[in-house]
Amino acid sequence: STIGLYCRFKILTIITFKDLNMQIILLGAPGAGKGTQAQFISKHLNIPQISTGDMLRAAVANKTELGLKAKDLMEKGDLVPDGLILDLVQNRISEADCSNGFLFDGFPRTLEQANALKDREVKIDCVIEIMVDDDEIIERMSGRRVHPASGRTYHIKHNPPKQNNIDNETGEALIQRPDDNEETVKKRLSIYHEQTYPLFEFYKGLSSKKLPTNYVEINGIGGIDDIQLQIINNIEKLR
Ligand code: AP5
Ligand code: MG
């Protein structure tokens, strides 16, 4: 009967959802839209977003030992040492909410970090690379506003909050990140080209060698909704 068919379909979808357990990496330059898109993917797959940048900013705000070590480096646009990042991530992915998968946003960003994941046999199902040119990024960063407690990201022109300078969900004030001035953005971009860009080859190589890592390239220029659709469509193909 139709009802029987519907029930079987329902049970099947529930099982597929449960079994999904996707572990995803979002790659891309600073300002490519990782944080913006991570929010959608995380909701869609019901997996936590693990943004090392957001975690570090929380550590800085709380003046923890890690925060004290990271503060100046972040403000200057330098990377935080691999050892500190790997401890942070290892602890985070062993938490209960990561048992059904997780989404890395801004990690790994050096070959050392990527190799550490591989050596620790952390399964990565999919690497999604968001491509945006440097010129566009500098424009984006100057208009970015963030809600520091959640990491929610807006843009004064491309993705404005409902009320000027106020977070849509909490009603709290938005801020500009201290590392979003033009000079620091340029430095972050050059570090990205030197240290993070090589990860594309690393993961492309992995996906061609029978390891089950899928590699997807997304054009990050265009409407936020269109890019979201492209990403979700690619993820759906892996189900
Ligand atoms: P992190 O916080 O990760 O910064 P990042 O990688 O530089 O990336 P951003 O958060 O700046 O950009 P995004 O890609 O998330 O873009 P967003 O969606 O906000 O790291 C900060 C620092 O922490 C590092 O510099 C380093 O010091 C340290 N750190 C973190 N992780 C580390 C690691 N693994 N190892 C070592 N050190 C580490 O979008 C940007 C803007 O564009 C927004 O305003 C948004 O609204 C807008 N926008 C988004 N999409 C579009 C679109 N399609 N069209 C127009 N505008 C758009
Ligand atoms: Mg971000």
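Reply: One definition to start: a residue is buried when its relative accessible area is under 20%, exposed when over 50%, and partly exposed in between. Keep in mind that this is a predicted model.

Me: Is Arg-92 buried, partly exposed or exposed?

Reply: The cut-off for buried is under 20% relative accessible area. Arg-92 has 15% relative accessibility. Therefore Arg-92 counts as buried.

Me: Which residue meets the side chain of Arg-92 in a salt bridge?

Reply: The rule asks for a Lys or Arg side-chain nitrogen within 4 Å of a carboxyl oxygen of Asp or Glu. For Arg-92, the N to O distance in the salt bridge is 2.8 Å.

Me: How many salt bridges does the count come to?

Reply: Side chains of opposite charge can pair when their charged atoms come close. With the 4 Å limit as the rule, the count comes to 16 salt bridges.

Me: Which helix holds both Arg-57 and Asp-54?

Reply: Arg-57 and Asp-54 form a salt bridge, with the closest N and O atoms 2.8 Å apart. Arg-57 is partly exposed at 26% relative accessibility, and Asp-54 is partly exposed at 23%. The two are three residues apart, so about one helical turn separates them. The helix is H3, residues 52-61.

Me: Which residues are linked with Arg-188 in a network of salt bridges?

Reply: Start with the pair Arg-188 and Asp-180, whose side chains meet at 3.2 Å, N to O. Arg-188 is buried, with a relative accessible area of 11%. Asp-180 is buried too, at 6%. The network links Arg-188 with Arg-144, Arg-177, Asp-179 and Asp-180.

Me: How many disulfides does a search of the whole structure find?

Reply: A disulfide needs two cysteine sulfur atoms within 2.5 Å. Cysteines include Cys-98, buried with a relative accessible area of 4%, and Cys-126, buried at 1%. The search of the whole structure finds zero disulfides.

Me: What share of the residues in the protein chain is buried?

Reply: The protein chain has 239 residues. Its secondary structure comes to 10 helices and seven strands. The chain exposes about 13,200 Å², and carbon and sulfur atoms supply 53% of that area. Buried residues make up 43%.

Me: In what order do the strands of the open sheet run?

Reply: The open sheet has five strands, and the pairing is parallel. Its edge strands are S2 (49-51) and S7 (214-219), each pairing on one side only. Neighbouring strands are turned by 20° against each other on average, direction ignored. The order is S2-S3-S1-S4-S7.

Me: Which residue of S3 is the bridge partner of Gln-49?

Reply: S2 and S3 (residues 101-105) pair in the parallel sense over three bridges. Further along, Ser-51 stands opposite Asp-105 in S3. The partner of Gln-49 is Leu-103.

Me: How many residues of S3 are buried?

Reply: In a regular strand the side chains alternate between the two faces of the sheet. Gly-101, Leu-103 and Asp-105 point one way from S3, while Phe-102 and Phe-104 point the other way. Residues on both sides are buried, so S3 is largely enclosed by the rest of the structure. The count is five of the five.

Me: Which residue in S3 stands opposite Ile-25?

Reply: S1 (residues 22-28) and S3 pair in the parallel sense over five bridges. In this pairing, Leu-26 stands opposite Asp-105. Opposite Ile-25 stands Phe-104.

Me: Which residue in S4 is the bridge partner of Ile-25?

Reply: S1 also pairs with S4 (residues 126-131), in the parallel sense and over five bridges. Ile-25 points from S1 to one side with Gln-23 and Leu-27. Seven of the seven residues of S1 are buried, so S1 is largely enclosed by the rest of the structure. The partner of Ile-25 in S4 is Val-127.

Technical notes. Residues numbered from 1 in each chain as written. Chains lettered and ligands numbered in written order. Predicted model: local features only at pLDDT ≥ 70, side-chain atom pairs only at ≥ 80, totals over all residues. Heavy atoms only, no water. Buried < 20%, exposed > 50% of the residue type's maximum accessible area, 1.4 Å probe, protein only. Helix = DSSP H or I, 4+ residues; strand = E, 2+ residues; numbered from the N terminus. Areas by Shrake-Rupley, 256 points an atom, 1.4 Å probe, with all protein chains shown as cover. Pairing = 2+ DSSP bridges. Axes fitted to C-alpha atoms, helices over the stretch in contact; angles between N-to-C directions.
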